[in-house]
Amino acid sequence: MKIALLGPPGSGKGTIAKRLSKSFKLFNLSTGEILRDQIKKDTLLSKELKKYMDRGELVPNHFVEEVVRLELHNKKRYVLDGFPRKIDEAKATKDFKLDLVIYLHVPDEDLIKRLADRRHCQKGLHNYHLIYFPSKKPGICDIDKSKLIRRKDDNPKVIKERLKVYHHETEPVIKYFQRKKILRTIDGAPHPKEVYKAVKRVVKEYLR
Ligand code: AP5
């Protein structure tokens, strides 16, 4: 079972990927998380990646594709969060033979609210939302008790740029997988529980 999640920034790809990974025992690959781990290191590569990510732009293909190929080597059950997100990356998935691409559709105005109020723990492992998923103690992670912080690219100027990049570079990927007849569209606007129910239904239909 090889699934890719497609959708704008803040559409819930990470939230849904974690749940799918748990319920269906899938390896969860988030290119955003891998890149964020990379930029914590003090290397020439990390400085280069950081420039793109801080501006809300996509990083060049060769950085991402190589990592994805290495991570997926010999894996047969996975969910991809954030890959592919441009046409060249979509073409590269021919080698992986994806079974299902789930597109989470959410209007831009909802995305802006979600991203502006998103917080995560200092290790970047646990995510919250000030309104939809608040931590029990304000500003503190329920799990590792570290302080909650905002992602660097979750500021209004960069959010605007990420949405622009999404409409320009990722929307054509939706049409690409539509033509391949493996795309399923889910309304990503309702409460996460409802969205996950709809996603699970689609995955189960595929497994039947
Ligand atoms: P990445 O980390 O993938 O960021 P993104 O695509 O902008 O997506 P987000 O992580 O912001 O949102 P999400 O859709 O996962 O939503 P989430 O579940 O967190 O990429 C970051 C950067 O890395 C890119 O800008 C680019 O530079 C680079 N990059 C990554 N992959 C690349 C690639 N393949 N090629 C080139 N460059 C790449 O939810 C968001 C918030 O909303 C959370 O607070 C959550 O709690 C809340 N929420 C979730 N679902 C709901 C719901 N249904 N209702 C209400 N709130 C909800």
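A disulfide is a pair of cysteine sulfur atoms within 2.5 Å. I start from that cut-off. The model I am reading is a predicted one.

**Entry 1: cysteines**

I looked for disulfides under this rule and the count came to 0. I then checked Cys121, which is in no disulfide. Its nearest cysteine sulfur belongs to Cys141, 4.5 Å away.

The cut-off I applied is 2.5 Å.

**Entry 2: strand S1, burial**

I moved on to strand S1, residues 2-6. How many of its 5 residues are buried? The count is 5 of 5, so S1 is largely enclosed by the rest of the structure.

I also noted side-chain directions. Lys2, Ala4 and Leu6 point one way from S1. Ile3 and Leu5 point the other way. Residues on both sides are buried, Lys2 included.

**Entry 3: strand S1, partners**

Which strands pair with S1? I found strand S3, residues 78-81, paired with S1 in the parallel sense over 4 bridges. Within S3, Tyr78 is the bridge partner of Lys2.

I found strand S4 as well, residues 100-105. S4 runs parallel to S1 and is joined to S1 by 4 bridges. Within S4, Val101 is the bridge partner of Ala4.

Terms used: Residues are numbered from 1 along each chain as its sequence is written. This is a predicted model: local features need pLDDT of at least 70, side-chain atom pairs count only at pLDDT 80 or more; totals for chains, interfaces and linings use all residues. Side-chain values use heavy atoms; hydrogens and water are left out. Buried means under 20% relative accessible area, exposed over 50%, partly exposed in between (1.4 Å probe, protein chains only). Helices (H or I, at least four residues) and strands (E, at least two) are DSSP runs, numbered from the N terminus. Two strands pair if DSSP finds at least two bridges between them.
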